[in-house]
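Please open the model in the viewer and display the whole chain as a cartoon.

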Amino acid sequence: MAALIKHASHPSPLQLVVNLPTLHAQETMRMSNVEKVSVALTPEMATMMREVVAAGEYASASEVMREALREWKFRRTQRELAVDELGRLWDEGIASGNAVDGSEAFARIKSKLDARIAERELR
């Protein structure tokens, strides 16, 4: 990683070299076995990728793609969990018995609550 530094007493910028491991270098160390693939992107996506790399948010386009794939995998996992939960709730609803009319059910609940309130008021 190199940085240009301007100092008032020096007319031209000085180059400062710092040897710190970047996120890219750290990830590369962890990735001993990688496969290169070619990906077709829309011009807008390619521009966004170049901009975030140029801004220093990512060390490389590969790093952008790896993060995008991690996010995609996370969303897929979350979606699978949600579908499983919906299935479980569906099964629970089916197992609970026949459906009842909503108006009738709420009328019964209201009646029970009114009775409890009246009972408390008598105490």
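A residue is called buried under 20% relative accessible area, exposed over 50%, and partly exposed in between, with a 1.4 Å probe and protein chains only. By that criterion, buried residues make up 7% of the 123 residues in the chain. This is a predicted model, in which local features need pLDDT of at least 70 and side-chain atom pairs count only at pLDDT 80 or more, while totals for chains, interfaces and linings use all residues. Residues are numbered from 1 along each chain as its sequence is written, and side-chain values use heavy atoms, with hydrogens and water left out.

Keep the whole chain selected and show its surface. The accessible surface (Shrake-Rupley method, 1.4 Å probe) comes to about 11,300 Å², and 59% of it belongs to carbon and sulfur atoms.

Next, colour by secondary structure. The chain has 4 helices and 2 strands, in the order β-β-α-α-α-α along the sequence; helices are DSSP runs of H or I with at least four residues, strands runs of E with at least two, numbered from the N terminus.

Now select residues 43–54, helix H2, together with residues 61–95, helix H3. Their axes, lines fitted to C-alpha atoms over the stretch in contact, lie 9 Å apart at an angle of about 115 degrees. H2 is therefore roughly perpendicular to H3, a class that covers 65 to 115 degrees.

Finally, show side chains where the two helices meet. Met49, Val52 and Val53 of H2 contact Ala61, Val64 and Met65 of H3 (heavy atoms within 4.5 Å). By class, this contact has 6 nonpolar, no polar and no charged residues, where Ala, Val, Leu, Ile, Met, Phe, Trp, Tyr, Cys and Pro count as nonpolar, Asp, Glu, Lys and Arg as charged, and the others, Gly among them, as polar.

How values were computed
Axes are lines fitted to C-alpha atoms, for helices over the stretch in contact, and angles run from 0 to 180 degrees between N-to-C directions. Angles under 35 degrees count as roughly parallel, over 145 as roughly antiparallel, 65 to 115 as roughly perpendicular and the rest as oblique.
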